[in-house]
Amino acid sequence: MRIPQSEKELTFWERIYFPEVFRGLAITAKHFVVNMIRHTLRLLGFKNVPKGAVTYQYPEEIRPISTRLRTMHRLARRADGSPRCVACMMCETVCPASCIYIVAGEHPDPNIEKVPIRFDIDLGKCIFCGYCVEACPEDAIRMDTGIYNFAAYTREGMVLTLEELLAHEPAPYVSVPTQDKAPDPGPLAKSQPVSAPASA
Amino acid sequence: MHSTGYCQALEKAAQIEVPPRARFIRTIILELERIHSHLLWLGIAGHIIGFDTVLMQVWRIREPVMWLAEQITGNRKLYGMNIVGGVRRDIPKELHPKIIEVMDKVEKETIAVLNAVVDDTTLRMRLEGVGVVPNKDAIALAILGPSARGSGVAVDVRVDHPYAAYAEVGVNVVVETGEDIWARTVVRIKETLESVRIVRDALAMMPEGPIEAKIDEPIPPGLVACSSVEAPRGETHHFVITSDEPRPYRWKARAPTFQNLQAVPLSIMEETIADVPITVGSFDPCFSCTERVEAVDVRTGELKVYTKRELEQLSRAKTKLLRGE
Ligand code: SF4
Ligand code: SF4
């Protein structure tokens, strides 16, 4: 059901067509020249010049990410390098994507009840909600590695194992300050009382 | 947005009072989501009708909003911001200037887009008088959100049943009477500007205080509640019955696309095939919200309910088959 159009009346200059064509070309040329100059100046080391393009030249140029960004998981370590995780299964229970698999084992130290002997996170299923981080009573699992560019050719390749999780280091964040979480005390710090990230 | 709906339903059921600051933060997040959703739609609409400049420019405007969401919530999408009784993260003071800056930029550029789009004869010729949903049909089919507001129906949960902090900040409902795709487009662009205003006002009015309610007791079983949230596409309803487990006994979500798609047959009637994509697209359909499947065994006539594991295995088997393994 098409109803008749009310066409806008064109002015004389618009009707002779050529001035409009050149106006359009001039706009394109202006963007080209300005961006070209900016790109060249930045290439020569003038970092204060505005970026020539709004896009980032990934992977050569990495966009600064927020400190709150939830990135690949890691497991915090104790002073002796063993996982801080006590295999309490809280994260496995809370995970809405059921992508955490934990097998618990005995810890040699009698003060520590258990330790995971297997801890797999299937990143192919993970939805990066961060609930596991919040649920953990030991503050053992964290999502602050700053790694977000992971891909694999197989499904199995997307599974993070205990060793990989323990090997990850926190990202050296330098961007925006937030109150999200106290700075990571590092593997040497004793496990502190749980604090919900929201109230930290 | 869905998490707000679910949390609100539970809060209503268990009569949990949400602290004011949390309500304002929820409002800001909901409006940021609306801004980026409407801009996303505008870009896609441009793409569908072959006007890719709109796509490129509008998505450029949208990107800072996503980065802002990343800074506030920790993700560009799927914010994970809500918990029952409040929100998970605060919006710290340091982020306020950043939010204002992004909002100013989005507003300026959206106005530029609005002016450019309004003056564009090609766009108007493609969109005016196409995909018409007359006002009375819009009411009869109970279509929702910007699709209804483009047909002159002023429905908006934010005004009709205020939640979060909408009673305090107020909402000017954008209504257009064109009844066609053009009207829906204009509604969405103007709503983006209105959302910018709401974010600014909410930020200015945001009180200090806690961001989550203290919940000491487990939520008792057998409570029933329903809550509505104005999603970018229209109103979303969440219905919850609590149980004695830490999960609800029953939970049902009704996404707006289910309702909006009812208007598609009417609006594509007597249209050319070339106009069908943009007509369907003009309702901003989310098909994954709408798909419903019932598995019936044809031999026995029995209904089968698949578990998550079975579905996973089925889809993996299908992938294997397609790859010829
Ligand atoms: S981020 Fe969410 S989905 Fe991913 S492992 Fe943690 S709880 Fe599971
Ligand atoms: S919640 Fe924390 S301590 Fe418990 S199993 Fe998960 S990572 Fe380990």
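These notebook entries record what I looked up on confidence, ligand surroundings and helix packing.

**Ground rules.** I worked on a predicted model, in which local features need pLDDT of at least 70, side-chain atom pairs count only at pLDDT 80 or more, and totals for chains, interfaces and linings use all residues. I number residues from 1 along each chain as its sequence is written, and I letter chains from A and number ligands from 1 in the order in which they are written.

**Confidence.** I noted ipTM 0.77 and pTM 0.84 for the model. For pLDDT, the predictor's confidence in each residue from 0 to 100, chain B averages 90, with 100% of the residues at 70 or above. Chain A has a mean of 78, and 82% of its residues reach 70 or more.

**Ligands.** I counted a residue as near a ligand if its C-beta atom, placed from the backbone, lies within 6 Å of it. Ligand 1 is surrounded by 14 residues, and A:Cys95, A:Ala97, A:Cys126, A:Cys129 and A:Cys132 are the closest. I sorted that shell into 13 nonpolar, one polar and no charged residues, taking Ala, Val, Leu, Ile, Met, Phe, Trp, Tyr, Cys and Pro as nonpolar, Asp, Glu, Lys and Arg as charged, and the others, Gly among them, as polar. Around ligand 2 I found 13 residues, of which A:Cys85, A:Cys88, A:Met90, A:Cys91 and A:Cys136 come nearest; this shell has 12 nonpolar, no polar and one charged.

**Helix packing in chain B.** I fitted axes to C-alpha atoms over the stretch in contact, with angles from 0 to 180 degrees between N-to-C directions.

I began with α4(B) (residues 95-118) and α10(B) (residues 181-205), which pack at about 160° with their axes 10 Å apart. The two are therefore roughly antiparallel, the term for angles over 145 degrees. Their contact includes B:Ile99, B:Met103 and B:Val106 of α4(B) and B:Ile189, B:Val196 and B:Leu203 of α10(B), and by class it has 13 nonpolar, three polar and two charged residues.

Next I took α2(B) (residues 20-48), which packs with α10(B) at about 155°, the axes being 9 Å apart, so α2(B) is roughly antiparallel to α10(B). Among the residues in this contact are B:Phe24, B:Ile28 and B:Trp41 of α2(B) and B:Arg188, B:Glu191 and B:Met205 of α10(B); I divided the contact into 15 nonpolar, five polar and four charged residues.

Finally I looked at α3(B) (residues 52-73) against α4(B), with an angle of about 165° and axes 10 Å apart, which makes α3(B) roughly antiparallel to α4(B). Here the contact includes B:Gln57, B:Pro64 and B:Leu68 of α3(B) and B:Lys98, B:Val102 and B:Glu109 of α4(B), with 11 nonpolar, three polar and three charged residues.

Key: Helix = DSSP H or I, 4+ residues; strand = E, 2+ residues; numbered from the N terminus. Parallel < 35°, antiparallel > 145°, perpendicular 65-115°, else oblique. Contact = placed C-beta atoms within 7 Å.
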